[in-house]
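Trainee: I would like to learn how to read a few features of a protein model. Where do we begin?

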Amino acid sequence: GINAEYGNNAIAMKMILLGYFVTFLIVFGSQVDAQCGPDGNRPFPAGSTTCPNTGNGGGAGNNMMMGMGMGGGRVSGQSASTDCPTSDGSMCARDGSSSFHSRSLTYSSETGKFSGSMTTNLCSNHAYGTVPAGLPGAGMSGGAHSAQCIKQEFPAPDFANGPHGAPLRGRVAMSVVGGVSVYGPLEAGFVLGQACSNGLGSCPPGVDVPVCERKLVDECGVDNVRYRMLLDTCGGHAAPYHYHKDLACDYNKNESGPHSPLVAIAFDGHGLYGRWEGNGQEPADLDACGGHTGPVPAFDDGTDRFAAANNVYHYHLQDVAPYTLGCYGPVDDLNACKALYDTCDGLTVDINVVGGHIPYDDECTCYRDQHGKTYSQAMVSNGEHSDAATTTTSSSSSSSSLNNTSSSIRTKQKAPRSKSKAKPATAVGANLPKNTINTVKLRPKKNKVRPLALGNVALGVAFFIAVFGALFFSLPLLHAVAES
(Lines give C-alpha, C1' and ligand atoms only; values in the text may rest on other atoms or scores of the structure.)
Protein backbone atom coordinates (compact mmCIF):
# COMPACT_ATOMS: atom_id res chain seq x y z
CA GLY A 1 0.00 0.00 0.00
CA ILE A 2 2.71 2.47 1.02
CA ASN A 3 4.73 1.60 -2.11
CA ALA A 4 1.66 2.20 -4.27
CA GLU A 5 0.96 5.50 -2.56
CA TYR A 6 4.62 6.49 -2.92
CA GLY A 7 4.43 5.65 -6.62
CA ASN A 8 1.38 7.85 -7.02
CA ASN A 9 3.16 10.66 -5.22
CA ALA A 10 6.17 10.30 -7.51
CA ILE A 11 3.90 10.53 -10.52
CA ALA A 12 2.33 13.66 -9.06
CA MET A 13 5.70 15.27 -8.59
CA LYS A 14 6.67 14.42 -12.17
CA MET A 15 3.49 16.01 -13.47
CA ILE A 16 4.11 19.12 -11.35
CA LEU A 17 7.63 19.39 -12.70
CA LEU A 18 6.35 18.83 -16.25
CA GLY A 19 3.81 21.61 -15.79
CA TYR A 20 6.45 23.99 -14.45
CA PHE A 21 8.81 23.09 -17.32
CA VAL A 22 6.17 23.77 -19.96
CA THR A 23 5.27 27.01 -18.17
CA PHE A 24 8.94 28.04 -18.15
CA LEU A 25 9.26 27.46 -21.89
CA ILE A 26 6.14 29.44 -22.64
CA VAL A 27 6.80 32.36 -20.30
CA PHE A 28 10.49 32.83 -20.96
CA GLY A 29 10.58 31.53 -24.52
CA SER A 30 7.92 33.97 -25.64
CA GLN A 31 10.14 36.86 -24.59
CA VAL A 32 12.25 36.20 -27.68
CA ASP A 33 10.67 38.53 -30.21
CA ALA A 34 11.81 37.07 -33.51
CA GLN A 35 10.51 36.24 -36.91
CA CYS A 36 8.38 33.09 -36.75
CA GLY A 37 5.51 34.97 -35.22
CA PRO A 38 4.74 35.74 -31.59
CA ASP A 39 3.83 32.67 -29.53
CA GLY A 40 4.50 30.49 -32.58
CA ASN A 41 1.02 30.97 -34.02
CA ARG A 42 1.96 32.77 -37.22
CA PRO A 43 4.36 30.62 -39.23
CA PHE A 44 5.34 31.74 -42.70
CA PRO A 45 4.34 31.06 -45.43
CA ALA A 46 0.60 30.74 -44.80
CA GLY A 47 -0.39 27.15 -44.07
CA SER A 48 2.99 26.21 -42.61
CA THR A 49 3.19 24.65 -39.17
CA THR A 50 6.90 25.14 -38.48
CA CYS A 51 9.48 27.89 -38.69
CA PRO A 52 10.08 28.92 -42.28
CA ASN A 53 12.97 28.19 -44.58
CA THR A 54 14.99 31.38 -44.75
CA GLY A 55 16.53 30.32 -48.03
CA ASN A 56 13.33 31.25 -49.84
CA GLY A 57 11.46 33.55 -47.56
CA GLY A 58 11.96 32.32 -44.03
CA GLY A 59 13.08 33.66 -40.72
CA ALA A 60 14.19 33.02 -37.21
CA GLY A 61 12.50 31.14 -34.43
CA ASN A 62 9.95 32.75 -32.19
CA ASN A 63 10.82 31.19 -28.85
CA MET A 64 13.00 28.73 -27.02
CA MET A 65 10.98 25.77 -28.22
CA MET A 66 11.78 26.81 -31.78
CA GLY A 67 15.39 27.59 -30.93
CA MET A 68 17.10 30.83 -30.01
CA GLY A 69 19.49 30.56 -32.94
CA MET A 70 18.10 30.79 -36.42
CA GLY A 71 14.84 29.12 -35.50
CA GLY A 72 15.23 25.84 -37.32
CA GLY A 73 15.00 27.50 -40.73
CA ARG A 74 17.69 26.87 -43.33
CA VAL A 75 19.68 29.94 -44.34
CA SER A 76 21.15 29.73 -47.82
CA GLY A 77 24.94 29.54 -47.65
CA GLN A 78 25.08 29.19 -43.86
CA SER A 79 26.96 26.42 -42.09
CA ALA A 80 27.96 25.80 -38.49
CA SER A 81 31.45 26.83 -37.43
CA THR A 82 33.77 26.20 -34.49
CA ASP A 83 36.08 29.14 -35.21
CA CYS A 84 34.51 31.59 -32.76
CA PRO A 85 36.02 32.22 -29.31
CA THR A 86 32.56 32.16 -27.71
CA SER A 87 30.46 29.08 -26.97
CA ASP A 88 27.15 28.63 -28.72
CA GLY A 89 24.36 29.59 -26.35
CA SER A 90 26.50 31.91 -24.22
CA MET A 91 24.96 35.32 -23.67
CA CYS A 92 26.21 38.20 -25.83
CA ALA A 93 27.64 41.08 -23.80
CA ARG A 94 25.35 44.10 -23.56
CA ASP A 95 28.18 46.45 -24.52
CA GLY A 96 29.08 44.55 -27.69
CA SER A 97 32.42 43.34 -26.33
CA SER A 98 31.74 39.65 -27.04
CA SER A 99 31.18 40.20 -30.77
CA PHE A 100 33.40 38.18 -33.09
CA HIS A 101 33.61 38.06 -36.85
CA SER A 102 36.24 37.40 -39.47
CA ARG A 103 36.12 37.89 -43.23
CA SER A 104 37.58 35.90 -46.08
CA LEU A 105 36.32 37.93 -49.02
CA THR A 106 37.37 39.24 -52.39
CA TYR A 107 35.72 42.08 -54.30
CA SER A 108 35.35 42.54 -58.04
CA SER A 109 35.31 46.19 -59.07
CA GLU A 110 33.97 45.03 -62.46
CA THR A 111 30.89 43.12 -61.26
CA GLY A 112 30.47 44.91 -57.92
CA LYS A 113 30.18 41.56 -56.16
CA PHE A 114 31.85 40.11 -53.09
CA SER A 115 32.74 36.43 -52.96
CA GLY A 116 33.98 34.31 -50.12
CA SER A 117 32.69 33.94 -46.58
CA MET A 118 32.26 35.58 -43.20
CA THR A 119 32.47 33.78 -39.85
CA THR A 120 30.57 35.34 -36.96
CA ASN A 121 29.06 34.56 -33.58
CA LEU A 122 26.07 36.83 -34.45
CA CYS A 123 26.60 38.96 -31.33
CA SER A 124 26.03 42.68 -31.71
CA ASN A 125 29.26 44.64 -32.08
CA HIS A 126 27.90 47.61 -30.13
CA ALA A 127 25.72 48.33 -27.11
CA TYR A 128 22.26 47.18 -28.14
CA GLY A 129 18.64 47.33 -27.08
CA THR A 130 18.57 51.01 -26.07
CA VAL A 131 15.22 52.77 -26.55
CA PRO A 132 15.71 55.89 -28.75
CA ALA A 133 15.46 59.37 -27.21
CA GLY A 134 12.05 60.98 -27.20
CA LEU A 135 10.17 57.74 -26.67
CA PRO A 136 8.75 56.30 -23.43
CA GLY A 137 11.54 54.44 -21.68
CA ALA A 138 14.24 56.35 -23.61
CA GLY A 139 17.72 55.18 -22.68
CA MET A 140 16.44 51.97 -21.12
CA SER A 141 17.71 48.67 -22.45
CA GLY A 142 15.62 45.62 -23.28
CA GLY A 143 16.16 42.19 -24.76
CA ALA A 144 19.18 39.92 -24.79
CA HIS A 145 20.59 37.45 -27.26
CA SER A 146 23.02 34.55 -27.32
CA ALA A 147 25.98 33.60 -29.47
CA GLN A 148 25.83 31.19 -32.38
CA CYS A 149 28.95 30.57 -34.44
CA ILE A 150 28.19 30.33 -38.15
CA LYS A 151 29.92 30.70 -41.48
CA GLN A 152 28.03 32.61 -44.17
CA GLU A 153 28.91 32.19 -47.85
CA PHE A 154 28.71 35.04 -50.38
CA PRO A 155 26.98 35.01 -52.76
CA ALA A 156 24.50 32.68 -51.06
CA PRO A 157 23.74 29.84 -53.50
CA ASP A 158 19.99 30.49 -53.65
CA PHE A 159 20.48 34.13 -54.62
CA ALA A 160 23.67 34.16 -56.68
CA ASN A 161 21.88 34.89 -59.95
CA GLY A 162 19.37 37.73 -59.87
CA PRO A 163 17.04 39.35 -60.08
CA HIS A 164 15.50 37.36 -57.27
CA GLY A 165 13.03 37.80 -54.43
CA ALA A 166 14.70 38.27 -51.05
CA PRO A 167 13.68 36.32 -47.94
CA LEU A 168 10.55 37.84 -46.44
CA ARG A 169 11.68 36.67 -43.01
CA GLY A 170 15.20 36.35 -41.77
CA ARG A 171 18.59 37.44 -43.04
CA VAL A 172 18.93 39.23 -46.38
CA ALA A 173 22.44 40.56 -45.77
CA MET A 174 25.16 40.65 -43.14
CA SER A 175 26.83 43.74 -41.67
CA VAL A 176 30.45 44.05 -42.72
CA VAL A 177 31.63 45.79 -39.55
CA GLY A 178 30.14 43.41 -36.99
CA GLY A 179 28.89 40.30 -38.76
CA VAL A 180 25.33 40.97 -37.57
CA SER A 181 22.23 39.79 -39.45
CA VAL A 182 20.42 42.36 -41.61
CA TYR A 183 16.75 41.60 -42.26
CA GLY A 184 14.27 43.03 -44.73
CA PRO A 185 11.49 45.41 -43.67
CA LEU A 186 8.84 42.92 -42.57
CA GLU A 187 8.01 41.90 -39.00
CA ALA A 188 6.33 38.71 -37.78
CA GLY A 189 3.70 40.67 -35.87
CA PHE A 190 2.52 40.96 -32.29
CA VAL A 191 -0.47 39.29 -30.66
CA LEU A 192 -2.99 41.32 -28.68
CA GLY A 193 -1.31 42.98 -25.71
CA GLN A 194 2.18 41.64 -26.42
CA ALA A 195 3.74 44.97 -27.38
CA CYS A 196 1.63 47.29 -25.18
CA SER A 197 1.54 47.56 -21.41
CA ASN A 198 -2.24 48.16 -21.27
CA GLY A 199 -3.15 44.84 -22.91
CA LEU A 200 -4.22 46.46 -26.17
CA GLY A 201 -2.67 46.60 -29.60
CA SER A 202 -1.72 43.94 -32.11
CA CYS A 203 0.11 43.90 -35.39
CA PRO A 204 -0.42 41.45 -38.27
CA PRO A 205 2.54 39.55 -39.71
CA GLY A 206 4.04 40.66 -43.00
CA VAL A 207 4.00 44.40 -42.26
CA ASP A 208 7.09 46.59 -41.92
CA VAL A 209 8.22 47.58 -38.43
CA PRO A 210 7.56 51.37 -38.56
CA VAL A 211 4.00 50.82 -39.84
CA CYS A 212 3.49 48.25 -37.09
CA GLU A 213 4.68 50.85 -34.58
CA ARG A 214 2.20 53.42 -35.95
CA LYS A 215 -0.62 50.89 -35.52
CA LEU A 216 0.38 50.20 -31.92
CA VAL A 217 0.47 53.94 -31.13
CA ASP A 218 -3.05 54.30 -32.54
CA GLU A 219 -4.46 51.38 -30.54
CA CYS A 220 -2.50 51.65 -27.30
CA GLY A 221 -1.39 55.25 -26.99
CA VAL A 222 2.26 56.22 -27.29
CA ASP A 223 2.92 55.98 -23.54
CA ASN A 224 1.83 52.34 -23.44
CA VAL A 225 3.88 50.98 -26.35
CA ARG A 226 6.74 48.70 -25.26
CA TYR A 227 9.41 50.34 -27.39
CA ARG A 228 12.06 47.95 -26.13
CA MET A 229 10.41 45.35 -28.39
CA LEU A 230 10.70 47.63 -31.41
CA LEU A 231 13.85 49.06 -33.00
CA ASP A 232 16.68 50.35 -30.82
CA THR A 233 18.99 53.31 -31.43
CA CYS A 234 20.97 51.30 -33.96
CA GLY A 235 17.97 50.04 -35.96
CA GLY A 236 17.89 46.51 -34.55
CA HIS A 237 16.05 44.35 -32.02
CA ALA A 238 15.07 40.85 -30.90
CA ALA A 239 16.91 37.58 -30.37
CA PRO A 240 18.81 36.70 -32.40
CA TYR A 241 19.64 40.39 -32.71
CA HIS A 242 19.15 41.77 -36.21
CA TYR A 243 18.71 45.05 -38.07
CA HIS A 244 15.62 46.17 -39.97
CA LYS A 245 16.89 49.66 -40.84
CA ASP A 246 19.56 52.34 -40.29
CA LEU A 247 22.59 50.34 -39.00
CA ALA A 248 23.18 53.73 -37.39
CA CYS A 249 25.87 52.43 -35.01
CA ASP A 250 28.04 51.11 -37.85
CA TYR A 251 28.53 54.43 -39.68
CA ASN A 252 27.75 58.13 -39.33
CA LYS A 253 24.34 58.39 -40.99
CA ASN A 254 24.42 62.18 -40.65
CA GLU A 255 27.62 62.61 -42.67
CA SER A 256 26.19 63.39 -46.09
CA GLY A 257 29.20 64.91 -47.85
CA PRO A 258 30.91 61.85 -49.33
CA HIS A 259 29.33 58.65 -50.62
CA SER A 260 28.34 56.57 -47.59
CA PRO A 261 30.59 53.62 -46.74
CA LEU A 262 29.96 49.92 -47.16
CA VAL A 263 27.84 48.70 -44.24
CA ALA A 264 26.71 45.21 -45.29
CA ILE A 265 26.95 42.54 -47.96
CA ALA A 266 23.72 41.25 -49.49
CA PHE A 267 23.10 37.58 -50.18
CA ASP A 268 23.51 38.17 -53.92
CA GLY A 269 27.05 39.44 -53.27
CA HIS A 270 26.38 43.14 -53.93
CA GLY A 271 27.33 45.74 -51.35
CA LEU A 272 24.83 47.60 -49.18
CA TYR A 273 25.98 51.16 -48.48
CA GLY A 274 24.71 53.90 -46.16
CA ARG A 275 22.10 56.54 -47.03
CA TRP A 276 24.13 59.09 -48.96
CA GLU A 277 25.25 59.33 -52.56
CA GLY A 278 27.39 62.37 -51.79
CA ASN A 279 27.19 66.18 -51.76
CA GLY A 280 24.37 66.03 -49.24
CA GLN A 281 22.16 64.07 -51.62
CA GLU A 282 20.46 60.71 -51.27
CA PRO A 283 20.34 58.66 -54.48
CA ALA A 284 17.33 59.62 -56.57
CA ASP A 285 17.36 56.66 -58.94
CA LEU A 286 17.08 53.61 -56.68
CA ASP A 287 15.09 50.76 -58.17
CA ALA A 288 12.37 48.88 -56.28
CA CYS A 289 15.00 46.60 -54.73
CA GLY A 290 16.80 49.63 -53.27
CA GLY A 291 19.78 49.58 -55.64
CA HIS A 292 21.28 51.47 -58.55
CA THR A 293 24.41 51.56 -60.69
CA GLY A 294 27.15 54.07 -59.93
CA PRO A 295 30.47 54.65 -58.16
CA VAL A 296 31.27 53.24 -54.72
CA PRO A 297 34.12 54.13 -52.36
CA ALA A 298 36.94 51.87 -51.21
CA PHE A 299 36.66 50.04 -47.90
CA ASP A 300 39.61 49.81 -45.51
CA ASP A 301 39.24 48.95 -41.83
CA GLY A 302 42.88 48.03 -41.25
CA THR A 303 42.16 44.33 -41.70
CA ASP A 304 40.65 44.16 -45.18
CA ARG A 305 40.76 46.56 -48.09
CA PHE A 306 38.32 46.50 -51.01
CA ALA A 307 38.96 48.78 -53.97
CA ALA A 308 36.67 51.56 -55.15
CA ALA A 309 34.60 50.98 -58.27
CA ASN A 310 33.28 53.40 -60.87
CA ASN A 311 30.08 51.88 -62.22
CA VAL A 312 28.64 48.91 -60.32
CA TYR A 313 25.23 47.90 -59.04
CA HIS A 314 24.88 48.35 -55.28
CA TYR A 315 22.25 49.00 -52.62
CA HIS A 316 21.65 51.92 -50.25
CA LEU A 317 20.01 52.09 -46.85
CA GLN A 318 16.90 54.28 -46.92
CA ASP A 319 14.80 56.15 -44.37
CA VAL A 320 11.69 54.84 -46.15
CA ALA A 321 10.60 51.28 -46.88
CA PRO A 322 12.13 48.87 -47.74
CA TYR A 323 14.86 50.45 -45.53
CA THR A 324 17.43 47.72 -46.33
CA LEU A 325 16.45 45.57 -49.34
CA GLY A 326 13.21 45.00 -51.22
CA CYS A 327 14.63 42.32 -53.53
CA TYR A 328 17.85 41.35 -55.23
CA GLY A 329 18.18 43.44 -58.34
CA PRO A 330 18.49 45.10 -60.62
CA VAL A 331 14.83 45.40 -61.67
CA ASP A 332 13.29 47.79 -64.19
CA ASP A 333 10.29 48.97 -62.21
CA LEU A 334 7.90 48.33 -59.36
CA ASN A 335 5.97 45.66 -61.24
CA ALA A 336 9.19 43.74 -61.90
CA CYS A 337 9.82 43.65 -58.16
CA LYS A 338 6.28 42.49 -57.41
CA ALA A 339 6.59 39.75 -60.02
CA LEU A 340 9.38 38.20 -57.93
CA TYR A 341 6.95 37.39 -55.12
CA ASP A 342 3.79 35.29 -55.16
CA THR A 343 2.69 37.26 -52.10
CA CYS A 344 2.62 40.65 -53.87
CA ASP A 345 -0.93 39.87 -54.99
CA GLY A 346 -2.63 43.25 -54.67
CA LEU A 347 -4.86 42.04 -51.84
CA THR A 348 -4.50 44.42 -48.95
CA VAL A 349 -5.17 44.49 -45.24
CA ASP A 350 -6.20 47.79 -43.62
CA ILE A 351 -3.74 48.98 -40.99
CA ASN A 352 -5.34 51.61 -38.75
CA VAL A 353 -2.93 54.38 -37.75
CA VAL A 354 -3.36 57.79 -36.14
CA GLY A 355 -5.29 59.95 -38.58
CA GLY A 356 -6.30 57.26 -41.03
CA HIS A 357 -5.48 53.82 -42.36
CA ILE A 358 -3.02 52.18 -44.73
CA PRO A 359 -4.20 49.62 -47.32
CA TYR A 360 -1.15 47.36 -47.05
CA ASP A 361 -0.24 44.44 -49.32
CA ASP A 362 1.13 42.25 -46.55
CA GLU A 363 4.09 39.93 -47.22
CA CYS A 364 5.23 42.18 -50.07
CA THR A 365 8.50 44.15 -49.91
CA CYS A 366 8.03 46.26 -53.05
CA TYR A 367 7.24 49.90 -52.19
CA ARG A 368 8.61 52.40 -54.73
CA ASP A 369 10.83 52.76 -57.78
CA GLN A 370 12.90 55.32 -59.65
CA HIS A 371 9.95 56.22 -61.86
CA GLY A 372 8.05 57.73 -58.94
CA LYS A 373 5.62 54.85 -58.49
CA THR A 374 4.68 54.01 -54.91
CA TYR A 375 2.85 51.06 -53.45
CA SER A 376 1.49 49.69 -50.19
CA GLN A 377 2.47 52.36 -47.64
CA ALA A 378 0.38 55.46 -48.48
CA MET A 379 -2.02 56.47 -45.71
CA VAL A 380 -5.66 57.19 -46.47
CA SER A 381 -6.80 59.99 -44.16
CA ASN A 382 -9.95 59.57 -42.12
CA GLY A 383 -12.94 60.45 -44.27
CA GLU A 384 -11.20 59.74 -47.57
CA HIS A 385 -12.30 56.90 -49.84
CA SER A 386 -10.15 53.80 -50.19
CA ASP A 387 -10.38 51.30 -53.02
CA ALA A 388 -8.72 48.56 -50.99
CA ALA A 389 -10.32 45.17 -51.63
CA THR A 390 -10.07 44.18 -48.00
CA THR A 391 -12.27 44.36 -44.95
CA THR A 392 -10.94 43.59 -41.50
CA THR A 393 -12.52 42.93 -38.15
CA SER A 394 -9.22 42.56 -36.37
CA SER A 395 -8.33 46.08 -35.37
CA SER A 396 -10.04 49.22 -34.29
CA SER A 397 -9.23 52.86 -34.80
CA SER A 398 -10.09 53.59 -31.18
CA SER A 399 -9.00 52.12 -27.88
CA SER A 400 -12.58 52.04 -26.59
CA SER A 401 -13.74 49.50 -29.14
CA LEU A 402 -10.70 47.35 -28.41
CA ASN A 403 -11.62 47.42 -24.72
CA ASN A 404 -14.99 45.99 -25.64
CA THR A 405 -13.48 43.14 -27.64
CA SER A 406 -14.07 39.86 -25.82
CA SER A 407 -13.01 37.41 -28.53
CA SER A 408 -9.45 36.17 -28.85
CA ILE A 409 -10.01 35.12 -32.45
CA ARG A 410 -8.92 37.37 -35.27
CA THR A 411 -10.51 37.09 -38.72
CA LYS A 412 -9.15 38.71 -41.85
CA GLN A 413 -11.30 38.59 -44.96
CA LYS A 414 -10.09 39.26 -48.46
CA ALA A 415 -12.50 39.79 -51.29
CA PRO A 416 -12.23 37.52 -54.35
CA ARG A 417 -9.78 38.74 -56.92
CA SER A 418 -8.85 37.30 -60.27
CA LYS A 419 -5.72 38.43 -61.95
CA SER A 420 -3.26 37.29 -64.57
CA LYS A 421 0.41 38.02 -64.41
CA ALA A 422 3.74 36.57 -65.38
CA LYS A 423 5.88 34.95 -62.69
CA PRO A 424 9.57 34.34 -63.32
CA ALA A 425 11.17 31.11 -62.20
CA THR A 426 12.85 32.89 -59.30
CA ALA A 427 9.62 34.04 -57.65
CA VAL A 428 9.72 33.46 -53.91
CA GLY A 429 7.32 30.71 -52.89
CA ALA A 430 6.65 29.66 -56.48
CA ASN A 431 7.55 26.43 -58.23
CA LEU A 432 7.06 27.51 -61.81
CA PRO A 433 8.75 26.19 -64.94
CA LYS A 434 10.96 28.58 -66.86
CA ASN A 435 9.28 30.92 -69.31
CA THR A 436 5.91 30.50 -67.62
CA ILE A 437 3.63 33.34 -68.70
CA ASN A 438 0.04 34.38 -68.15
CA THR A 439 -0.32 32.36 -64.96
CA VAL A 440 -3.92 32.88 -63.95
CA LYS A 441 -4.51 33.09 -60.21
CA LEU A 442 -8.11 33.01 -59.03
CA ARG A 443 -8.17 33.74 -55.35
CA PRO A 444 -11.43 32.85 -53.61
CA LYS A 445 -12.68 34.73 -50.61
CA LYS A 446 -10.83 33.41 -47.60
CA ASN A 447 -11.03 33.81 -43.88
CA LYS A 448 -7.81 33.61 -41.91
CA VAL A 449 -8.51 32.73 -38.31
CA ARG A 450 -5.61 33.21 -35.97
CA PRO A 451 -5.77 32.75 -32.20
CA LEU A 452 -4.54 35.94 -30.60
CA ALA A 453 -3.95 34.48 -27.15
CA LEU A 454 -2.34 31.15 -27.89
CA GLY A 455 0.43 31.77 -25.37
CA ASN A 456 -2.05 32.53 -22.60
CA VAL A 457 -4.10 29.44 -23.39
CA ALA A 458 -1.01 27.24 -23.34
CA LEU A 459 0.10 28.79 -20.08
CA GLY A 460 -3.27 28.01 -18.52
CA VAL A 461 -3.11 24.41 -19.74
CA ALA A 462 0.34 24.00 -18.19
CA PHE A 463 -0.83 25.23 -14.80
CA PHE A 464 -3.92 23.02 -15.02
CA ILE A 465 -1.74 19.95 -15.63
CA ALA A 466 0.43 20.77 -12.63
CA VAL A 467 -2.42 21.50 -10.20
CA PHE A 468 -4.63 18.62 -11.34
CA GLY A 469 -1.73 16.16 -11.16
CA ALA A 470 -0.83 17.27 -7.65
CA LEU A 471 -4.37 16.96 -6.36
CA PHE A 472 -5.34 13.75 -8.12
CA PHE A 473 -2.25 11.71 -7.31
CA SER A 474 -1.62 13.10 -3.83
CA LEU A 475 -5.09 12.35 -2.41
CA PRO A 476 -4.44 8.59 -1.87
CA LEU A 477 -1.18 9.34 -0.08
CA LEU A 478 -2.83 11.92 2.16
CA HIS A 479 -5.60 9.44 2.93
CA ALA A 480 -3.06 6.77 3.89
CA VAL A 481 -1.18 9.20 6.15
CA ALA A 482 -4.40 10.24 7.85
CA GLU A 483 -5.27 6.63 8.72
CA SER A 484 -1.77 5.70 9.86
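Mentor: With surface area. Accessible areas come from the Shrake-Rupley method with a 1.4 Å probe. This is a predicted model, and the protein in it exposes about 20400 Å², with carbon and sulfur atoms supplying 55% of that.

Trainee: What share of the residues is buried?

Mentor: Of the 484 residues in the protein, 51% are buried. The secondary structure amounts to 5 helices and 24 strands.

Trainee: How do I read a sheet?

Mentor: Strands of a sheet pair through backbone hydrogen bonds, in a parallel or antiparallel way. Here 4 strands make an open sheet with antiparallel pairing, in the order β1-β4-β3-β2. The edges are β1 (78-80) and β2 (101-108); each has a single partner strand, so one side of each is left without a neighbour in the sheet. From one strand to the next, the twist averages 10 degrees.

Trainee: How many bridges join β3 and β4?

Mentor: Strand β3 (residues 113-120) pairs with strand β4 (residues 150-154) over 5 bridges, in the antiparallel sense. G116 has F154 in β4 as its bridge partner.

Trainee: And aromatic pairs?

Mentor: A pair of aromatic rings is described by the distance of the centres and the angle of the planes. The count here is 10 aromatic pairs. F299 and F306 are stacked, at 5.7 Å centre to centre with 20 degrees between the planes; both residues are buried. Y360 and Y367 are edge-to-face, at 6.3 Å and 70 degrees, and both are buried.

Trainee: Which residues do ring pairs link into a cluster?

Mentor: Y107, F114, F299 and F306.

Conventions:
Residues numbered from 1 in each chain as written. Predicted model: local features only at pLDDT ≥ 70, side-chain atom pairs only at ≥ 80, totals over all residues. Heavy atoms only, no water. Helix = DSSP H or I, 4+ residues; strand = E, 2+ residues; numbered from the N terminus. Buried < 20%, exposed > 50% of the residue type's maximum accessible area, 1.4 Å probe, protein only. Pairing = 2+ DSSP bridges. Axes fitted to C-alpha atoms, helices over the stretch in contact; angles between N-to-C directions. Phe/Tyr/Trp six-rings, centres within 6.5 Å; stacked < 30°, edge-to-face > 60°.
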